[in-house]
Amino acid sequence: MRQSDGDHGVVPDVYRLSPAFIPRSRYHSADYLKLEREQLFTNTWLAACRMEEVENPGSFLEFDVTGRSILIVRDGDGELRVFHNTCRHRGTRLATGRGRTGKLICPFHGWRWNLDGSINYVLDPEQFTASCLDDLTLMKVPFGTWGGWIFINLGDDPEPLDEYLDPLPNFLELLELDKMRLRWSRTTRVRCNWKHSLDAFSEAYHVAQSHPQLVRKDHERTNPPTLRELENRYAVEAQPLGRHSRWQFRPRPGSYSRLTDDLDLLANRIEYVARAGFTFMEQDVELADSLRGKQVPENMTGRQYFLSLRADHMRRSGIEWHELSEAELSRSEGNYLCYPNMIIDVVTQGVALIHRAFPDGDDPESCLFETSVLQLQPEETREHPSTVEPEFYDDWRDFDWGPILNQDFNNMEQMAAGGRSSAFLGHNINTVQEMMLYYAHETADHYLFGAPLPERKVVG
Ligand code: FES
Ligand SMILES: [Fe+2]
């Protein structure tokens, strides 16, 4: 088996993958989480925040990952700077949360740094040794930007960000994630492994059973699906993309399609999903209303007609809209895992539902899970710095996330609770629809155990 071959690095038996099988230890073992905290989160590129969250000179933001605090700063000249958030006197955190400042001032003894990281002030410097004062510049963290995110890497000599992300940017380029702006961002604690929470979005095999309202015309009806409803589904295919992966919908002939020729049904669906699933925009809701009672012109499919109306409507709303062909949309849309811990869910042009998950301390059965929405916005709105205040809920039940996410949160915790049973040996993976989970674990073997990065053929 590949994982124990010669110089491929050896994966301990207890964690070893076998074809389409992921052992439970990867989700429930404290030792495995320790490895992830020390080897995975420190050697991969992590999306730390959006560019617009540190847009103004002097704005800063603290990014905490597995107990390591990073400070992202926009200096007075508008340059981005990323530092370890640790005072060079005695290690105190220099700043917490987010805000705006002219200097970074240590709250303990008042040493000060300029926003470019150079030392600005030391109290009683003559009382320190010369070698201590030699270099007090803040310690830099490698960073890069893509898609409107600032990525950081805690490794000593990380490979370039674009090599790490390849080929993800190529598939997502036309969707203009870099032009999107944050609409809201909410984080909550969930009683499951951090990977359980991402796995809940890494396949659509669960959709008919977990979200039956999405496979029927009456979206308000959430009673369990009949067998017929369970099988009247989309075909969904997982595809590897280097270290990353995605799944895409492939409507089956005869299935209840998300873009139907019946414009009343389409309007209902858009209104429901915009409210419950956040993968349509408020502009789509306005558009949906105007679809009612209309007929699809004879020379067009429902999808083509909808897309052309949508482009007009978005432009009228002041959004700079590049109309994509059906082929371009089909190549770009999907649910992507940007390895290791960010899901980029783009069901339709103009809006992205983003999920990030982080371990919660050293408890393998708890995580911090963030959901946010990015949207293309009218020019005049885009020019203003982000005013989005991230929200935090200690328990996901403290907020109503809408029917779809509530169902997903429930799944995450039930997965974690059931998986705690010693009778459960591991995850048996659907080899077509659930392979994103498996690909992610194969990639993890590289960072955790020195296995070579899997060579996977990129489809599309
Ligand atoms: S610990 Fe920061 S100034 Fe003393
Ligand atoms: Fe779901």
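The following legends describe close-up views of a predicted model.

View 1. The chain has a mean pLDDT of 92, with 94% of its residues at 70 or more. Residues 1-7 have a pLDDT below 50. Beyond near neighbours in sequence, this stretch makes 8 contacts in the model. Where pLDDT is low, the predicted coordinates should not be read in detail.

**View 2. An open sheet of 4 strands.** The strand order is β5-β4-β3-β6, and the pairing is antiparallel. Because β5 (80-84) and β6 (98-100) stand at the edges with a single partner strand each, one side of each is left without a neighbour in the sheet. From one strand to the next, the twist averages 20°.

**View 3. The pairing of β3 with β4.** Strand β3 spans residues 59-65 and strand β4 spans residues 68-74. The two pair in the antiparallel sense over 6 bridges. Within this pairing, D64 stands opposite S69 in β4.

**View 4. Helix α9 and its surroundings.** Helix α9 comprises 14 residues, 263-276. From its first C-alpha to its last, helix α9 reaches 20 Å, close to the 20 Å expected at 1.5 Å a residue. The buried residues of α9 are L263, L266, A267, R269, I270, Y272, V273 and A276. Among the elements that cover these buried residues are α10 (282-291), α11 (302-316) and α14 (403-419).

**View 5. The residue F278 after helix α9.** F278 follows α9. The phi of F278 is positive, near 65°.

Notes
Residues numbered from 1 in each chain as written. Chains lettered and ligands numbered in written order. Predicted model: local features only at pLDDT ≥ 70, side-chain atom pairs only at ≥ 80, totals over all residues. Pairing = 2+ DSSP bridges. Axes fitted to C-alpha atoms, helices over the stretch in contact; angles between N-to-C directions. pLDDT = per-residue confidence, 0-100. Contact = placed C-beta atoms within 7 Å. Expected span 1.5 Å × (residues − 1). Buried ≥ 20, exposed ≤ 12 C-beta atoms within 10 Å, placed from the backbone.
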